[in-house]
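These notebook entries record what I looked up in the structure.

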Amino acid sequence: MIPACRLADIPRGESYRLETDPPVAVFHTEDGEVYAIDDTCTHQDASLADGWLEGCEVECPLHASKFNLRTGAVDAPPARLPVRTHQVLIEDGMVYVALSDAPPNLPPSCVAARLVGGMA
Amino acid sequence: MKTVAVVGASLAGLFAARALRKQGYDGRLVLIGEEVHRPYDRPPLSKEFLTGKVEEDALALEADGEELDAEWVLGARAVGLDTRERSVRLADERVVRADGVVIATGAAARRLPGSDGLSGVHVLRTLDDARALRDDLTRGGRLVVIGGGFVGAEVASTAAVMGLDVTFVVGGTAPLAGPLGAEMAAGVAELHADHGVRLVCGTGVRGVAGKGAAPAVVPLGLRGAAVSAGDGARGRVEAVLLDDGRSLPADIVVVGIGANPCTDWLEGSGVALDNGVRCGADGITSVPGVVAVGDCAAWYDPVFGTHRRVEHWTGAKERPAAAVAALLSGGTAPSGPARPPYFWSDQYGVKIQFAGHAARADSVTVEDGSPADRGFLAVYRRAGDPVAVLGVDRTKLFTRWRRQLATAAAQGGAV
């Protein structure tokens with residue numbers, strides 16, 4: 001479990017980017033649910049924490065693919081692969097994230113950057 | 001409804017089919033496409049597909065294992081709609097009967113009169129167009145891009161990055177001057193010079209010249225007049241002739257001068273046409289049981305009080321859900337306010353994003369960054385109210401503004 005942030009730091013409708021490798025986006029929906037998914041869109045290097053949160057979906061800020069926060073599934077191209085979802089625990093006002101041990105679906109540009117030594 | 005035919009199998013047609021199933025339609029579903037290909041994504045065709053970074057299989061719009069329980073009729077052009085018999089006639093004489101029809105036939109690239117049959121002259125709309133252009137670009141040489149829209153600006157960018165010698169000819173004051181407004185478009189246009197592209201603005205194109213069996217100069221005659229195209233190959237393009245008398249040497253020419261709605265097949269059907277299929281804000285056409293979506297549809301735009309075709313990817317993706325709801329309910333489904341139009345363009349690695357209507361603005365101000373740094377956010381206002389926003393490498397801030405515009409529109413604002 002990684003401590004991410006205080007729940008009070010993410011108002012409803014907002015997000016928090018956790019600088020893990022690869023980074024994780026934590027979303028607090030308008031309905032009060034908290035979800036964590038990989039922050040990087042599976043299509044291109046875009047931060048989903050910067051995206052448009054609507055209901056239980058976040059739309060990539062660049063090319064409008066929508067990811068389901070519960071399942072990680074994507075609705076439409078240009079992204080074709082899901083993002084990983086991570087388990088969230090809230091205790092004493094702190095948000096904790098348990099990182100998935102599945103391999104991430106990073107976009108090609110990020111995979112290349114990692115191969116030459118870390119995220120760009 | 002027992003059978004619905006979706007005529008057009010690209011983004012809008014596929015999303016209409018998905019919306020039908022999602023909204024509970026369980027009858028027969030027929031998807032008719034003029035191209036032989038399954039639905040594919042077009043935006044990469046002017047960008048990563050040309051460089052080879054994205055291959056054809058990555059363009060597929062359908063998810064792996066997606067099952068729409070539909071009959072696919074591909075490589076079949078629709079040539080007629082009989083609204084009394086309720087049937088779609090195809091070029092190969094086949095007839096598809098359907099109670100409900102979704103028109104999603106899109107638009108076709110305009111060609112430069114007199115350039116047909118001259119090799120090296122390209123338009124870019126379809127996968128086949130993109131394959132041909134990619135093959136030519138890979139060989140290198142001098143490229144002249146004609147037309148300052150998205151296709152032109154993106155092909156100029158892609159080809160410059162690929163190392164070609166690029167000249168970009170634009171009739172207006174700057175590329176994208178229409179969608180972005182002249183002032184901001186001028187700032188964005190600096191990207192081309194930054195990357196060694198020669199930008200030639202404010203001049204029209206008189207014609208193209210070729211070598212080989214063809215006449216050396218192909219006269220265009222009066223602007224807009226039809227010129228007989230000649231048949232078969234007429235040699236290869238050699239130069240682009242400008243209105244101001246200049247001649248630009250060219251090995252490859254890309255013509256990006258817009259697209260015409262594919263509505264010829266609806267002439268005489270009773271479906272009202274007016275630069276596209278005239279339809280309400282919910283996609284309902286003049287004929288009951290027939291709706292229109294995507295680039296061929298001229299939706300009623302309550303902001304402007306007119307019918308307009310908005311040829312953006314996001315519109316083709318988002319609007320079919322409302323049109324299908326209207327089709328299935330016979331027009332009684334309430335239709336929510338549409339989001340303000342949104343588009344993006346990737347040029348030289350820079351993310352250009354725009355939402356709203358520049359044409360409605362009476363002022364525009366840069367609120368973050370600066371055009372000189374090639375990274376900024378600009379807000380367009382009318383009588384003090386935001387009506388549009390432009391982001392150049394300002395993804396996060398842009399998304400906040402885009403949401404704000406959508407919220408204002410949903411509350412009946414002026415966006």
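**Entry 1: a hairpin in chain B**

I began with strand β4 (residues 78-82) and strand β5 (residues 87-90) of chain B, which run antiparallel and are joined by 4 bridges. I note here that the model is a predicted one. Looking along the pair, I found B:Ala78 opposite B:Leu90 of β5(B). The hairpin of β4(B) and β5(B) has 4 residues between the strands. One of the hairpin residues, B:Arg86, takes a positive phi near 55 degrees.

**Entry 2**

I next looked up a sheet in chain B and found 3 strands in the order β13-β14-β15, forming an open sheet with antiparallel pairing. Its edge strands are β13 (205-211) and β15 (247-249) of chain B, each of which pairs on one side only. On average, neighbouring strands of this sheet are turned by 30 degrees against each other, direction ignored. I then followed β13(B) against strand β14 (residues 236-242) of chain B and recorded 6 bridges in the antiparallel sense. B:Val205 has B:Leu242 in β14(B) as its bridge partner.

In chain A I looked up an open sheet of 3 strands, ordered β5-β6-β7, and its pairing is antiparallel. The edges are β5 (52-54) and β7 (66-68) of chain A, and each pairs on one side only. Strand β6 (residues 57-59) of chain A is held against β7(A) over 3 bridges in the antiparallel sense. Within that pair, I noted A:Phe67 in β7(A) as the bridge partner of A:Val58.

**Entry 3: the nonpolar core**

Which residues have the most contacts inside the largest nonpolar core? I found B:Ala16, B:Val102 and B:Val253, in a core of 151 residues. Helix α1 (residues 11-22) of chain B supplies the largest share of this core, with 8 residues. I then listed the contacts of B:Ala16, leaving out residues up to four places away in sequence. B:Ala16 touches B:Val6, B:Val102, B:Ala104, B:Val293, B:Pro320, B:Ala323 and B:Val324. In soluble globular proteins, nonpolar side chains tend to be buried together.

**Entry 4: where the chains touch**

I recorded 10 residues of chain B in contact with 11 residues of chain A. On the side of chain B that touches chain A, the elements giving two or more residues are α7 (313-318) and α9 (395-410) of chain B. Of these, α9(B) gives the most, with 4 residues.

**Entry 5: a loop residue**

Finally, I looked up B:Ala272, in the loop between β17 (259-261) and β18 (277-279) of chain B. Why does B:Ala272 count as partly exposed? It does so because B:Ala272 has 14 C-beta neighbours inside 10 Å, whereas a buried residue needs 20 or more and an exposed one has 12 or fewer. Beyond its neighbours within four places in sequence, B:Ala272 is in contact with B:Arg278, B:Thr285 and B:Ser286. I also noted B:Val287, which is 15 residues from B:Ala272 in sequence and 8.1 Å from it in space, C-alpha to C-alpha.

Conventions
Residues are numbered from 1 along each chain as its sequence is written. Chains are lettered from A and ligands numbered from 1 in the order in which they are written. This is a predicted model: local features need pLDDT of at least 70, side-chain atom pairs count only at pLDDT 80 or more; totals for chains, interfaces and linings use all residues. Two residues are in contact if their C-beta atoms, placed from the backbone, lie within 7 Å. Two strands pair if DSSP finds at least two bridges between them. A nonpolar core is a set of buried Ala, Val, Leu, Ile, Met, Phe, Trp, Tyr and Cys residues joined through C-beta atoms within 7 Å. Axes are lines fitted to C-alpha atoms, for helices over the stretch in contact, and angles run from 0 to 180 degrees between N-to-C directions.
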